[in-house]
Amino acid sequence: MWPPGRDPAEVAPEELIVLVPPAFTFEGFAPEAFEALARLKAHPHIEQYRQEKSALRRYVQEPFRRLRDDLVVNWVLPSALALETERNVFSRFLKNDFGAGGCYAHYWMAFYRQGRRRLADVQLIVSLHADGLRVGVYAGEPARAVWHAVRTHLPEAGMGVLGPLIPLLHIKIYPRKGATRLVRTADELHRLPELLRGAEGIWAGRTLSREAVLARGAGIVPWIWETWQLVWPLYRFCCAVS
């Protein structure tokens, strides 16, 4: 029987557990997944989505659900994390753009704290794009209360929280206008108050190319939980201050 879930803010990185031996149902993403996403990226409109709908369901959405199940069984439950992993964790392709018919050309899922809403919380994210996979933690708009707390407290704690992550992960700060800002050196952390001023989000994680995703197959499951364990200090901090 699995232990009851714990508040992620109270779980130290060394307490995260992986099931041994792991149990996988996810077989990996097929080339058809990337091909369908690439066609949708070239024509991000509802008409193209209708043409791709069956391929997206078979090669993207259904494998994504098996991937979710494997992450839950092998990492969330053994670590006894109080995370929402079923309700409203998957994205949609169609945009809510008041009938304009736009589409997203990537598909993602996000785990978030139980008792909260996905869009109003810090998220552990996996997203599949035409060029590869992106995995990490995101805090920002539209989770205004959470993002306000993170943006307020992170400048003071930045060196301790983000410093050890810089050699291991990509750290991106998203301004409201202009290009994404990358935090690549410890020296840049001294500019964190400036970088966060007016920003609408922060993401830290790792990426895999399309070719690497195909080559790894089911091996991306442990790669994902390894990434989440690397980024856990930032995720835990975001949970603690919000």
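## A buried arginine

Arg113 is buried, at a relative accessible area of 6% (buried means under 20%, exposed over 50% and partly exposed in between, with a 1.4 Å probe and protein chains only). Arg113 sits in strand E2, residues 107-113 (strands, E, need at least two residues and helices, H or I, at least four; both are DSSP runs numbered from the N terminus). This is a predicted model, where local features need pLDDT of at least 70 and side-chain atom pairs count only at pLDDT 80 or more, while totals for chains, interfaces and linings use all residues. Residues are numbered from 1 along each chain as its sequence is written, and side-chain values use heavy atoms, leaving out hydrogens and water.

What does Arg113 touch, leaving aside residues up to four places away in sequence? Among its contacts are Pro8, Glu84, Asp121, Tyr235 and Cys239 (contact means heavy atoms within 4.5 Å). Leu124 is 11 residues from Arg113 in sequence, with 9.7 Å between their C-alpha atoms.

## H1 against H2

Helix H1 (residues 31-42) packs on helix H2 (residues 46-76) at about 155 degrees, with axes 9 Å apart. The axes here are lines fitted to C-alpha atoms, for helices over the stretch in contact, and angles run from 0 to 180 degrees between N-to-C directions. H1 and H2 are therefore roughly antiparallel (over 145 degrees; under 35 is roughly parallel, 65 to 115 roughly perpendicular and the rest oblique).

On the H1 side, the residues in contact include Ala33, Leu37 and Leu40, and those they meet in H2 include Tyr49, Leu56 and Val60. By class, this contact has nine nonpolar, one polar and three charged residues (Ala, Val, Leu, Ile, Met, Phe, Trp, Tyr, Cys and Pro are nonpolar, Asp, Glu, Lys and Arg charged, and the others, Gly among them, polar).

## H2 against H6

H2 also meets H6: their axes come within 10 Å and cross at roughly 60 degrees. That makes H2 oblique to H6. In H2, Leu67, Asp70, Leu71, Asn74 and Trp75 meet a set in H6 that includes Ile224, Trp228 and Trp232. This contact divides into eight nonpolar residues, two polar and one charged.

## The largest nonpolar core

The largest nonpolar core has 75 residues, and Phe29, Phe64, Phe111, Leu133, Leu162 and Trp228 touch the most other members (a core joins buried Ala, Val, Leu, Ile, Met, Phe, Trp, Tyr and Cys through side-chain atoms within 4.5 Å). Helix H6 (residues 220-241) gives the most to this core, with 13 residues.

Leu133 touches Val126, Leu208, Ile220 and Trp223, among others, again not counting residues up to four places away in sequence.
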